[in-house]
Amino acid sequence: MAKTVDARGLPCPQPVLLTRDALRESDAVTTIVDSDTARHNVTRMAEKAGYTVRAEEREDGIYLHISRGEAAPAVAPAPAPTPSGGPLVLVVPSEFMGRGEHEELGQILIRGFLHTLNEVSPLPDVLIFFNSGVKLTVEGSPVLEDLRTLQAQGVQILICGTCLGYYGLKEKVAVGEVSNMYTIAETLMQAGRVVSL
Amino acid sequence: MGLGSPDDAVVYRMENGTLLVATADFFAPVVDDAYTYGAIAAANSISDVYAMGGTPFLALNLAAIPSDMPPEIAAEIFRGGMEKAREAGVVVAGGHTMDDREPKYGLAVIGTVTPDRLLLKGGARPGERLALTKPLGSGVITTAYRAGQASPEALAQAVPWMLRLNRDAVRAVHATSARGATDVTGFGFLGHAAEMALAAGVRFRVRADRVPILEAARPLAEQWLFPGGTAANEMYFRQWVTFDPSIPEEVQMLLYDAQTNGGILAAIPAGEMDRFAEACRALDQPFWEVGEVVEGEPGIEVVR
């Protein structure tokens with residue numbers, strides 16, 4: 001059972017402390033806060049501890065759903081993933097597709113690839129962008145529409161937060177969710193198949 | 001200073017040419033002991049005059065005291081403030097007290113400065129070295145302590161620094177021709193550093209491993225017991241800051257930690273660092289060289 005922590009109206013670090021205590025008793029916790037600073041501190045604390053945080057803004061507060069990664073719900077101990085049964089993960093480590101003499105060609109190719117991806121079967125379950133690949137997920141990227149279409153079809157899009165920070169693009173993300181190395185590593189290790197561009 | 005270029009305090013030119021420096025600050029208790037709280041709040045209020053290069057001389061009390069607070073506790077807060085002001089050569093004359101649920105205390109402070117000693121946020125120039133005169137961590141320590149998560153020993157690491165006047169730090173800066181300085185308070189080290197870099201149109205290269213951090217602050221930072229102000233600082237100032245990704249997240253956050261009466265951050269001409277160090281030694285004033293001013297897009301890059 002997910003535990004709920006109502007931290008509305010409480011100054012920092014109370015929301016962090018209450019969430020931390022609840023996570024000792026339950027793998028899934030929903031913390032309700034009503035300030036951006038509390039949201040930020042609780043989210044950073046939980047992500048640093050390896051949890052995934054999904055924020056939901058409601059009229060009566062910001063609901064932070066904290067869990068041990070999407071792939072492993074806390075209800076029952078997850079069975080060891082079988083090599084063939086896990087999700088199909090597509091890794092995009094660069095803003096270019098392939099390496100050649102001309103970077104421009106690499107850009108044309110990746111645009112074409114992500115555009116075409118919407119029409120092939122099966123769709124990947126998860127798309128992971130890291131290194132210069134994160135540039136494809138920010139404002140001004142020529143493939144945003146394609147990525148949004150993929151997301152609308154249920155494809156989860158994870159973007160490496162460290163890489164965004166490195167390029168100074170954290171504020172510019174326009175699709176998917178900013179993720180951390182824990183989630184990325186876990187997703188890759190639990191994948192049935194990993195395709196890397 | 002006009003409103004277009006925010007600085008640590010208001011500077012007003014009198015008809016006889018004297019520059020008046022005026023500032024006010026007050027906050028809720030950061031420690032349990034009433035006398036210490038009063039002294040820290042006073043030192044923090046006076047600091048803004050020092051940060052402008054000025055000499056404070058007059059102050060007024062600003063206080064909110066709960067009606068059910070024993071009068072002897074309130075008296076201790078005022079005594080702490082008064083004695084700290086006296087140490088700074090400041091006369092506290094009157095002021096105003098109102099009734100509020102949570103106590104608040106601080107000073108409105110007036111000082112003077114001569115134009116050649118004025119220190120501005122926008123005074124840093126490429127090639128200068130960045131010096132910081134107090135370690136970071138008072139925000140996370142006092143916040144964790146109030147939440148029952150830090151020991152009295154942890155708090156005791158922060159208190160002497162919060163009590164310390166920034167007078168000697170600025171005296172040492174004045175031994176050089178430096179013109180760029182501020183004090184590190186609510187916006188944290190990176191927030192105030194960003195203000196300086198943007199005001200001067202320069203880039204600060206900060207060496208994270210050289211920035212002093214109180215030992216007691218590190219385990220509390222790992223538990224993310226930061227005050228809301230620290231989170232707000234990161235959310236706002238990160239647009240001008242980049243980090244070497246190998247710097248741990250809690251250290252990044254400590255560099256944003258909201259400080260109470262933190263140190264002076266000054267940009268010292270490289271050729272005058274020896275003179276600055278000499279002046280600090282003579283005044284028994286610690287300092288750390290934490291980076292340098294470079295040309296480039298205004299902002300801050302934090303490297304190892």
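# A tour of chains A and B

Select B:Asn261, which is found in the loop between helix 9 (249-255) and strand 10 (264-268) of chain B. Helices (H or I, at least four residues) and strands (E, at least two) are DSSP runs, numbered from the N terminus. This is a predicted model, in which local features need pLDDT of at least 70 and side-chain atom pairs count only at pLDDT 80 or more, whereas totals for chains, interfaces and linings use all residues. Residues are numbered from 1 along each chain as its sequence is written, while chains are lettered from A and ligands numbered from 1 in the order in which they are written.

Stay with B:Asn261 and inspect its backbone: phi is near 45°, a positive value in a residue other than glycine. B:Asn261 is buried, because 27 other C-beta atoms lie within 10 Å. A residue is called buried if 20 or more other C-beta atoms lie within 10 Å of its own, exposed if 12 or fewer, and partly exposed in between, with C-beta atoms placed from the backbone.

Next, select B:Asp284, in the loop between helix 10 and strand 11 (288-294) of chain B. B:Asp284 also has a positive phi, of about 60°, although it is not a glycine. Is B:Asp284 buried or exposed? B:Asp284 counts as exposed, because it has 7 C-beta neighbours inside 10 Å.

**Two helices of chain B**

Now show helix 5 (residues 167-174) and helix 10 (residues 273-283) of chain B, which pack at an angle of about 145° with their axes 8 Å apart. Axes here are lines fitted to C-alpha atoms, for helices over the stretch in contact, and angles run from 0 to 180 degrees between N-to-C directions. The crossing of helix 5 and helix 10 of chain B is right-handed. A crossing is right-handed if the near helix is turned clockwise from the far one by less than a right angle, and left-handed if anticlockwise.

Display the side chains where these helices meet: B:Asp168, B:Arg171 and B:Ala172 in helix 5 of chain B face B:Phe276, B:Ala279, B:Cys280 and B:Leu283 in helix 10 of chain B. Contact requires that the C-beta atoms of two residues, placed from the backbone, lie within 7 Å. The residues of this contact divide into five nonpolar, no polar and two charged. In this scheme Ala, Val, Leu, Ile, Met, Phe, Trp, Tyr, Cys and Pro count as nonpolar, Asp, Glu, Lys and Arg as charged, and the others, Gly among them, as polar.

**The sheet of chain B**

Turn to the open sheet of chain B, in which five strands with mixed pairing follow the order 1-2-5-3-4. Two strands pair if DSSP finds at least two bridges between them. Strand 1 (10-13) and strand 4 of chain B stand at the edges, each with a single partner strand, so one side of each is left without a neighbour in the sheet. The twist averages 20° from one strand to the next.

Select strand 3 (residues 55-64) of chain B. With strand 4 (residues 91-98) of chain B, strand 3 pairs in the parallel sense over six bridges, and B:Ala63 stands opposite B:Thr97 in strand 4 of chain B. With strand 5 (residues 104-113) of chain B, strand 3 of chain B pairs in the antiparallel sense over nine bridges, and B:Ala64 stands opposite B:Lys104 in strand 5 of chain B.

Helix 2 of chain B lies across strand 3, strand 4 and strand 5 of chain B, running at about 15° to strand 5 of chain B.

**Where the chains meet**

Show both chains: 18 residues of chain B are in contact with 21 residues of chain A. Helix 8 of chain B gives the most to the side of chain B that touches chain A, with four residues. The residues of that side divide into 11 nonpolar, five polar and two charged.

**Chain A**

Finally, select A:Pro13, in the loop between strand 1 (3-6) and helix 1 of chain A. A cis peptide bond joins A:Cys12 and A:Pro13, with omega about 10°. Another cis peptide bond joins A:Ser121 and A:Pro122, with omega about 0°. Move along helix 1 (residues 14-25) of chain A to A:Thr19, which counts as buried because it has 29 C-beta neighbours inside 10 Å. Not counting residues up to four places away in sequence, the residues that A:Thr19 touches include A:Val5, A:Val29 and A:Ile66.
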